[in-house]
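Have a look at the structure first, then read on.

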Amino acid sequence: MDLLGSILNSMEKPPTVNNRQKALMKKQQEEYQKHQKAESERLKIFRKRVEEKMNKFLQDDNAKEYKFPAMDQIHRSIIHDVAEVANVWAYSFGEEGIDRYIMIFKREHTPSEDQLNTLRKGEEWNEEVAKRIQEERQRQAKEEEEALNSKKRKENFVPNSYYKDKYQHIIGKEAALEAARKTEANSSYGCVPSENKKDQRSIEQTLADIRAKRRKVETSNTAPNDKKQ
């Protein structure tokens, strides 16, 4: 116990506050309270002005919206509070600490998402801007519809005629079938079979060769009958 007492006695005691310092601290406290009271009174006056502006705005049948000047967060919070009590839409736009402001809208004139997005980007909103956005949206919708219809047409495409039907009256049904088989799709070379890759003949020459082959077959079939006659 004696050791603890000696340690406590050896420690420096906290400095005492003299009367002059006490008076200074009291004055600072009074100044702070005075400032707080004055600030509270200013905010009350500001709120009253906002309420008056809000009532005037609601009574004006031609007014759809109203823009407050840029102000700090404390004053904006008062506007938001008054707008909520008055059942009015209130939105903040602009950059904090630079040009942050509030716009209020009547409930029957609720702003569209396009209008809000335009204002958030710091751009002006008017009828011309609204018309331009609407035209752009219609153009995009039309392009999407045309692309969808084009896709459907490709999926449902039916050819007017087949190769064998097109040339049947020229080279005969069997020959047309043979020509059609030669042009059927091939997994390796698309619409041309691999054995035709080296065939450089034109379609006219190919058809002529087929007709010649057909005449040769018909001649060989009719020759024995001619000999009997």
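## A pocket and its lining

The second largest pocket has a lining made up of 3 nonpolar, 4 polar and 3 charged residues. Here Ala, Val, Leu, Ile, Met, Phe, Trp, Tyr, Cys and Pro count as nonpolar, Asp, Glu, Lys and Arg as charged, and the others, Gly among them, as polar. The residues in question are K64, E65, F105, H109, T110, P111, Q115, W125, N126 and E127, and the space in this pocket is about 200 Å³.

On a 1 Å grid over the protein atoms alone, a pocket is an open set of points where a 1.4 Å probe fits, with protein on both sides within 12 Å along at least five of seven lines, and lining residues have an atom within 4 Å of a point. Points are joined across faces, edges and corners, and the volume is the space filled by probe spheres set on them.

## What you're looking at

This is a predicted model: local features need pLDDT of at least 70 and side-chain atom pairs count only at pLDDT 80 or more, while totals for chains, interfaces and linings use all residues. Residues are numbered from 1 along each chain as its sequence is written, and side-chain values use heavy atoms, with hydrogens and water left out.

The protein chain has 9 helices and 3 strands, running in the order α-α-β-α-β-β-α-α-α-α-α-α. Helices (H or I, at least four residues) and strands (E, at least two) are DSSP runs, numbered from the N terminus. Of its 229 residues, 17% are buried, with buried meaning under 20% relative accessible area, exposed over 50% and partly exposed in between (1.4 Å probe, protein chains only).

In the largest nonpolar core, which has 15 residues, V50, M54, F68, I79 and I104 touch the most other members. Helix 2 (19–59), helix 3 (73–85) and strand 3 (101–105) each give two or more residues to this core. A second, separate core has 6 residues, among them F93, Y101, L116 and L119. A nonpolar core is a set of buried Ala, Val, Leu, Ile, Met, Phe, Trp, Tyr and Cys residues joined through side-chain atoms within 4.5 Å.

Leaving aside neighbours within four places in sequence, F68 contacts V50, K53, I79, Y101, I102 and I104; contact means heavy atoms within 4.5 Å.

## Two loop residues

N87 sits in the loop between helix 3 and strand 2 (89–93). Its phi is near 60 degrees, a positive value in a residue other than glycine, and N87 is partly exposed at 45% relative accessibility.

E108 lies in the loop between strand 3 and helix 4 (113–120). With a relative accessible area of 59%, E108 is exposed.
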